[in-house]
Structures are given as structure tokens and as C-alpha cells.
Amino acid sequence: MYTPKMSSRLAVEALGTFWLVFIGCGSAIFNGKFVRQDLSDSAPVQLGIGHLGIAIAFGLAVTTMAYAVGHVSGAHFNPAVTIGIAIARRFEWREVPLYLVAQVVGGLLAGAALTGLWTSQGLPATGNLAANGWGAHSPGGFGLGAVLVVEALVTAFFVYIILGATKADAPKGFAPLAIGFGLLLAHLVAIPVSNASINPARSTAVAFFNGNDAPAQLWAFWVAPIVGGLIAGATYAWITGEDRADLDIDGSTDDVDNAARDAEGRPVLD
């Protein structure tokens, strides 16, 4: 097995982050609350999927894309995950900046697409794009302290799940399911508090299109998830007693034509 070309890995990181944002944030924007009233209805009917549906959308988005392209890039789709597994020595630090750029670019493209769809109906984007926030911008009115704690905590557990589910002796083929369910559960807690970031690329994807203080509050949704990822990455081996630094989470391919090459032009074994 070979390590895939960096160009392929970055392309699927952008693709996967696009899908995560487009499906997750799109579900919140267009279908989180969907009220209509037909002539036969005595009162408006709520047809939206609500918080549970949005959480399921985020979980399924990461699961489906992890199955689709996880073998190419490791299916990070999240700067906090990339940094967390790097500190756990399961990913090369020199590759972290490239992954982060690809994730942010993919997320911003999805944010632009969602903005275009929303405004095509003559609706204002400001305050309507599922941005993260605290205070008046928190669904439950939670303050900055609560937002930082919850975002760091659920992200840490999410990275613990990733590190455990991708071990060599973990059940084969089930890692994307465990990761998807982990993200779903994290959203069930975090949506009422902060609109659920758990992913700096997801927050960045819509913040600048959303406006309404979202860009000014964006720093918290980089700091807290990354702190959570660092905590998980630094403590996983200590807590479990298992040092799996030899198991990289960065993709693998049996196609030599898509393999990375060393300085002598030889395919790089993973």
C-alpha cells in the first residue's frame, strides 16, 4: 500500500469539508425550521427537522464522505481533528498547514453556495446562515464561557473517538460509523449552546457570509475546538496505555499511479 499523492489528499479534504458544510449547515438553514400552512390546515404546520435532524445531517455527512474518500486522505475534514491527531503523532506536522488550507477552502466554497441559494429567493443572508456564536447569537443564550467549555469538551471526545476507532485492532470497516455517531451526539449537546461548531472550518465557512457579529466571534470557534483536539491528542495514549504513533491517519492506496513519490521518484509506502 502507498501514501496517495498530496494533490489527491488535499482535493478530497476540500471535497469532504464542502459536503460536511453543505449538508450540515444547509439542513439547518433550509430545513431546521420549515413552517407552512395549506388551505386545509387550521394552523401553520412545522415540517422542519429541528435540532435532532440537523445533528443527524452532520453525522451522516461525515460518515458518508469518510466511506467515500477516507482511504485517500484519512477523512479529517476538520482543522481540530488534523491538529489533534498530529499531536497524537498519528499525522505529520509538516502536512498540517496544507490540510487546514484545503479544509477552509472547501468550507468557504460550501458557504458561498449556501449563501447563493438563500439569497436567490430574495432573502437576506445576514443572521440566517447557521453561524456559531454566544450571547445573543447562541440559540440558548449561553455566554462565552459556556461556549468555550462545551466546544472544547465535545471536540476532545470526538477526537478520542477518531483515535480509538482507527486503531489497527478496532473492528474493520466501522470507523466511519463510530465517527459519524460521535459527531451526531456532540451536536445534540452543542447546538443549543453555540449552534455547534466542533470544526473551525465549518464556522469559518459561513461566518463572513452571515455577518451579524459572526466574524468577530469566530476566534472562539477556532480556539475552543483546537484546544479540545490538543487535549485529546496529548492524552489518548496516556489514558488508554496504547501508543499508536505508527498508525497514520492520512490515507492509503494500492494504485501506484496515485502514489506520492520520494526524491528519487519511488512510490512512498505508507
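Close-up 1. At 64% relative accessibility, Arg94 counts as exposed (here exposed means over 50% relative accessible area, buried under 20%, and partly exposed in between, with a 1.4 Å probe and protein chains only). Everything in these views comes from a predicted model, where local features need pLDDT of at least 70, side-chain atom pairs count only at pLDDT 80 or more, and totals for chains, interfaces and linings use all residues. Residues are numbered from 1 along each chain as its sequence is written, and side-chain values use heavy atoms, leaving out hydrogens and water. Arg94 makes a salt bridge with Glu95, and their closest N and O atoms are 3.7 Å apart. To count as a salt bridge, a side-chain nitrogen of Lys or Arg has to be within 4 Å of a carboxyl oxygen of Asp or Glu.

**Close-up 2. Arg9 joins in.** How many salt bridges does the structure hold? There are two, and one of them pairs Arg9 with Glu95, with the closest N and O atoms 2.7 Å apart. Arg9 sits in helix H1 (residues 6–31) and Glu95 in the loop between helix H3 (79–87) and helix H4 (96–119), so this pair ties together parts that are 86 residues apart in sequence. Helices are DSSP runs of H or I with at least four residues, numbered from the N terminus. Arg9 and Glu95 are both buried.

**Close-up 3. Ser73 beside Arg9.** Ser73 belongs to helix H2 and counts as buried, at 0% relative accessibility. Although 64 residues separate Ser73 and Arg9 in sequence, their C-alpha atoms are 4.5 Å apart in space.

**Close-up 4. Phe18 with Phe22.** The whole structure has five aromatic pairs. Rings of Phe, Tyr and Trp (its six-membered ring) pair if their centres lie within 6.5 Å; planes under 30 degrees apart are called stacked, over 60 edge-to-face, and the rest tilted. Phe18 and Phe22 are a stacked pair, 5.7 Å centre to centre with 15° between the planes. They are four residues apart in helix H1, so about one helical turn separates them. Phe18 is partly exposed at 28% relative accessible area, and Phe22 is partly exposed at 27%.

**Close-up 5. Trp134 with Trp219.** This aromatic pair is edge-to-face, with 5.8 Å from centre to centre and 75° between the planes. Trp134 is in the loop between H4 and helix H5 (144–165), while Trp219 is in the loop between helix H8 (214–217) and H9, so the pair links parts 85 residues apart in sequence. Is Trp134 buried or partly exposed? Trp134 is buried, at 16% relative accessible area, whereas Trp219 is partly exposed at 43%.

**Close-up 6. A nonpolar patch on the surface.** Leu52, Ile56, Leu60, Leu185, Leu188 and Val189 make up this patch, and together they have about 540 Å² of accessible area (areas come from the Shrake-Rupley method with a 1.4 Å probe, and for residues only the protein chains shown count as cover). Patch residues have over 30% relative accessible area and no salt bridge; nonpolar side chains (Val, Leu, Ile, Met, Phe, Trp, Tyr) are joined within 5 Å, and like charges within 9 Å. Helix H2 (50–73) and helix H6 (175–194) are the elements that give two or more residues to the patch. Ile56, in helix H2, is partly exposed at 33% relative accessible area.
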